[in-house]
Amino acid sequence: MALGGSRPRGRRAAGGWAPCAALALGWALGWALGAEPPHRCRPDTALLPPPLRRLGGPALLRAAVPRLRGGWSPCQLYRYPPGTPRPNGTGPCTRGWHYALPAAGLRANLVTQWDLVCASRWKVPLEQTTHLLGWTLGSVTAGLACDRFGRRPTFLLSLALAVPVGLGVALAVDFLMVLVARLLFGAALAGAFLALYVARLELCDPPHRLGVTMVAGFFWIAGELLLPGLALLCRDWRVLQGAVTMILALLAACWWCPALLLESPRWLLATRQLERARKTLQALAEDNCPQDSLLAELEAVSEGQPRYHSVCEICGTRVIWKNGAILGFAAFIGSGIRHCFTRNLVPHLPHFFSSHLVLVSTEAAACLFVCLTAERFGRRAILLLCTVLTGISSLLLLALTQYLLELIVLTLSVVGTAASHAVTMLSIFFASEVLPTVVRGAGLGLVVGANFVGKAAAPITAIPNSRGFFLHHVVFASFAILAVLSIMLLPESRGRSLPQSLQDGESQRRPPLFRRPPREDHLPLLDPRAIPHDYSRLAASTKRMLRSPEPPREM
């Protein structure tokens, strides 16, 4: 079902670009809050041997030299000896820790607020994993809400929930409160991201879908680049969290205006909400297409009660289920294997700003590559190419890291990081094109949720004393090879209209890999200038031909 003669809705779709930068700030905020600064234990003179406690300066140094020769260590000034009872359950450092600040531009963050170092270091990966779990749950929940209540209400409700939850993070009084608030904050941001992604996509015609989505990706990258500057201005993690929350509040206040974000007309027509669809299409038709074509389009939809579809109906399909499972698996691999490459970059990027800039730069390079190639060569071919590059880079690093030059290792890590970014963003975009409108929200929510489950591999493997990195690398490298084989089973969506019903989604077929699939013809069969507007003469001549006697046949 084409909308309004398949004319682009560029102005309306472009309105969904600016919120991406604000949502990216909320996403990247967690890595600044959990950045671990260099630290050491504060000295405690109470741990000195009794004869040395009253001394100081040169006298202390002269008295300590014989003891140093006898095996006494200055480290005993900082930590309790092994097996010594610790009063009040304190950590090994008697006087706390001294931090080399600022860290990630902040003079105080979660690590310095609650001393999440040494024995409590595992709480930092726990907080990051909890935040990613919130994004996963929010994606799935928001996807279900999009298909039942609409794209616009889900987006506005998610933004409205993000504001009080974000303030709760800034005002947290203990670490447990931070965990719960960060979980809910991630869920709210994920709901806004998913609803905006689907609404923006459904307002575009086939030639402009990729371009509009990739420009939104650049706005997301711009938001990530703004985070270090905002951190330098705020200097404290509570102020930074409050600033991001205020930006989201301003965004929510502006986007309550219906002119900025309308309900998706595709979803309204697919669910038979004709009255709401008529109002939305009339608003979209002001500058794009004539009113007669909209009325004819509405008349083609049968009257009846609105019909909604649940995500469980996907399990009863064959093609839709297969496409969603393959693309969700590819998104999971692309995000999960990225840590295998970034781990090799960490020793060369000790500072937060340099590592953050390099990682965001690889994401921008991947977005630009997809934007330039996916429309020319097709979604499936580029996704297959990026998955192959990811798998080859991973296998080479897995087998030959100890034998390759350091420059080659860095090159493979950068290429693998960029290719994994491309796999993730193209898998999500590809899924949004092949899933039908009636279940697009729920299906895409599952794919995005799989993406964030893969991202959780990074903080999990960062847990102290964790020795599962090699197994993690082997498993994800093997999965990448399996993803290459499964991607070849996908259909091609370039240049095709979005499927509306489950029947449309089931009718998609896999084209040959090396032959370009035929593009949908959006042009009329005849030149509009040659089509007569008065068909009376054509009808009269046809009647005369039918009434004329049949000419005699020659013997």
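V388, I392, L396, L400 and Y403 make up a nonpolar patch on the surface, with about 450 Å² of accessible area together. A patch here joins nonpolar side chains (Val, Leu, Ile, Met, Phe, Trp, Tyr) within 5 Å, taken from residues with over 30% relative accessible area and no salt bridge. Accessible areas come from the Shrake-Rupley method with a 1.4 Å probe. Y403 is found in the loop between α16 (379–400) and α17 (406–434). With a relative accessibility of 66%, Y403 counts as exposed; exposed means over 50% relative accessible area, buried under 20%, and partly exposed in between.

This is a predicted model, in which local features need pLDDT of at least 70 and side-chain atom pairs count only at pLDDT 80 or more, while totals for chains, interfaces and linings use all residues. Residues are numbered from 1 along each chain as its sequence is written, and side-chain values use heavy atoms, with hydrogens and water left out.

**Overall make-up**

The protein has 22 helices and two strands. Both are DSSP runs numbered from the N terminus: helices are H or I with at least four residues, strands are E with at least two. Of its 555 residues, 49% count as buried. The protein exposes about 27,100 Å², and carbon and sulfur atoms supply 66% of that area. Among contacts with a separation of 6 or more, 81% are between residues 24 or more positions apart; a contact means heavy atoms within 4.5 Å.

**Aromatic pairs**

The whole structure holds eleven aromatic pairs. Rings of Phe, Tyr and Trp (its six-membered ring) pair if their centres lie within 6.5 Å; planes under 30 degrees apart count as stacked, over 60 as edge-to-face and the rest as tilted. The ring centres of W27 and W135 are 5.4 Å apart and their planes stand at 80°, so this pair is edge-to-face. W27 belongs to helix α2 (residues 18–33) and W135 to helix α5 (residues 123–149), so the pair links distant parts of the chain, 108 residues apart. Both W27 and W135 are buried.

W114 and W237 form a tilted pair, 5.9 Å centre to centre with 55° between the planes. This pair also links distant parts of the chain, with W114 in helix α4 (residues 110–114) and W237 in helix α9 (residues 237–255), 123 residues apart. W114 is partly exposed at 22% relative accessible area, whereas W237 is buried at 0%. Ring pairs also link W27, W135, F193, Y197, W220 and F452 into a cluster.

**Salt bridges**

A salt bridge is a side-chain nitrogen of Lys or Arg within 4 Å of a carboxyl oxygen of Asp or Glu. By this rule there are nine salt bridges. Three of them are listed here.

| Pair | N to O distance |
|---|---|
| E433 and R209 | 2.8 Å |
| E433 and R379 | 2.9 Å |
| R278 and E275 | 3.3 Å |

E433 lies in helix α17 and R209 in helix α8, so their bridge ties together parts that are 224 residues apart in sequence. E433 and R209 are both buried. The bridge between E433 in helix α17 and R379 in helix α16 links parts of the chain 54 residues apart, and R379 is buried as well as E433. R278 and E275 both lie in helix α11, three residues apart, about one turn of the helix. R278 is partly exposed at 26% relative accessibility, as is E275 at 48%.

**Individual residues**

The charged end of R148 sits over the ring of Y308, 4.2 Å from its centre. For such a charge, NZ of Lys or CZ of Arg is within 6 Å of the ring centre and within 35 degrees of the ring normal. F149 lies in helix α5, and its C-alpha atom is separated by 9.3 Å from that of Y308, 159 residues apart along the chain. F149 is exposed at 53% relative accessibility. Beyond its neighbours within four places in sequence, F149 is in contact with E263 and W267.

T245 lies in helix α9 and is buried, with a relative accessible area of 0%. Not counting residues up to four places away in sequence, T245 touches A162, V163, G166 and L167.

R235 has a positive phi of about 70° although it is not a glycine. R235 is found in the loop between α8 (206–234) and α9 and is partly exposed at 25%. R272, another residue other than glycine, has a positive phi near 65°. The loop between α10 (265–270) and α11 (274–284) holds R272, which is partly exposed at 32%.

Note on methods. Buried means under 20% relative accessible area, exposed over 50%, partly exposed in between (1.4 Å probe, protein chains only). Patches are made of residues with over 30% relative accessible area and no salt bridge: like charges are joined within 9 Å, nonpolar side chains (Val, Leu, Ile, Met, Phe, Trp, Tyr) within 5 Å.
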